[in-house]
Amino acid sequence: MPVVEVDEKAASYPGLRASIVFGRASEAEAEVRAALEAGDVPVQIVQDGLIPAMDVVGEKYSTGEFFVPEMLTAARAMKHCMAVLEPLLAAGGRSTAGRIVLGTVKGDIHDIGKNIVSTMLQGGGFEVHDLGVDVPTERFVEVVGEERPDILGLSALLTTTMPVMKKVIAALEQAGLRDGVKVMVGGAPLTSGYAEAIGADAYAAHAGLATAQAKELVGHAGRRAGGSAG
Ligand code: B1M
């Protein structure tokens with residue numbers, strides 16, 4: 001098995017992390033099942049095993065050691081693991097906390113983080129309508145108009161697609177829908193300052209925070225970016 005540098009956060013799951021980084025989906029899935037059998041909590045496996053593995057993949061891509069095919073096989077291994085964990089993470093949600101429309105913005109096809117956010121929101125009791133990836137701005141506006149959700153959640157992983165979030169917010173304003181929906185944004189390149197600057201109501205750095213932020217948004221009508229996004 002290839003050696004993967006172990007940082008503190010991932011120290012508990014070196015085998016799982018290596019399996020994901022090198023795209024060995026069945027091995028990764030077996031590692032997840034073993035961790036569950038050993039009594040590990042699903043959210044801990046995601047946060048300390050799966051997410052750090054994808055960070056390693058990103059680092060290897062940045063340094064030219066990995067290319068897109070390696071990112072894809074790692075993503076596939078991650079998805080195998082999430083297929084096992086998702087039902088457990090979503091369990092217990094009573095779908096009464098609020099309704100959320102969610103999607104990755106136009107031009108961006110990254111969905112692993114968004115899917116984790118979706119699962120965790122469902123586990124937190126939210127009803128989630130996931131529009132998928134590469135979602136046109138007009139589609140967000142259309143669905144918000146039709147479904148009148150409590151929250152619109154936008155995800156972006158590329159510095160080139162972050163500005164699309166601002167366009168979605170502007171389009172909601174233009175359609176007269178902005179006052180009726182809270183907008184929560186997230187994705188690796190975002191910051192709370194950016195969220196505030198584009199007029200979002202909340203920013204969440206990771207999936208666990210997304211659920212907490214969503215609950216706060218639903219509970220505190222009328223708030224704008226500063227509090228939650230700042
Ligand atoms: Co791409 N990619 N990718 N990629 N990819 C990144 C993002 C990159 C940082 C890698 C790098 O250079 N180190 C880099 C972006 C650089 C930049 O913009 N500054 C990059 C690039 C360049 C690209 C391409 C342009 C490569 C190319 O084609 N030359 C291309 C773009 C395609 C496109 O979208 N148009 C591309 C393609 C791909 C794959 C398709 C191969 C694959 C995606 C597969 C998939 O998602 N189905 C992929 C992958 C796997 C990655 C990395 C390695 C991993 C992303 C990931 O899944 N992370 C990534 C490097 C990295 O992030 N370390 C990289 C794990 C995930 C759990 O974290 O998504 O951050 P994350 O989600 C977190 C939080 O951000 C937050 O909660 C989640 C869970 O805690 N969160 C939210 C996310 N959304 C939220 C929404 C919320 C709240 C919180 O509220 C609504």
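Residues are numbered from 1 along each chain as its sequence is written. Because the model is predicted, local features need pLDDT of at least 70 and side-chain atom pairs count only at pLDDT 80 or more, while totals for chains, interfaces and linings use all residues; side-chain values use heavy atoms, with hydrogens and water left out.

Begin by selecting the ligand, which sits in the largest pocket. A pocket here is an open set of points on a 1 Å grid over the protein atoms alone, where a 1.4 Å probe fits, with protein on both sides within 12 Å along at least five of seven lines, and a molecule sits in it if more than half of its atoms lie within 2 Å of its grid points. Among the elements that give two or more residues to the shell around the ligand are α4 (68-90), β3 (151-155) and α9 (207-219), helices being DSSP runs of H or I of at least four residues and strands runs of E of at least two.

Next, display the 38 residues that surround the ligand, of which S62, I109, H110, D111 and S155 are the closest; a residue belongs here if one of its heavy atoms lies within 4 Å. Colour by element, and α3 gives the most to this shell, with seven residues.

Now centre on the cobalt atom of the ligand, whose only protein donor is H110, through NE2 at 2.3 Å; donors are N, O and S atoms within 2.8 Å of the metal (3.2 Å for Na, K and Ca), and water is not among the atoms, so the site may look incomplete. H110 itself lies in the loop between β1 (98-104) and α5.

From there, select D55, where a polar side-chain atom lies 3.4 Å from a nitrogen atom of the ligand, and then A188, where a polar backbone atom is 3.2 Å from a ligand oxygen atom.

How values were computed
Polar contact = N/O pair within 3.5 Å; in protein donor to acceptor, adjacent residues only side chain to side chain. 1 Å grid on protein atoms, 1.4 Å probe; cavity = no way out; pocket = protein on both sides within 12 Å on 5 of 7 lines; lining within 4 Å.
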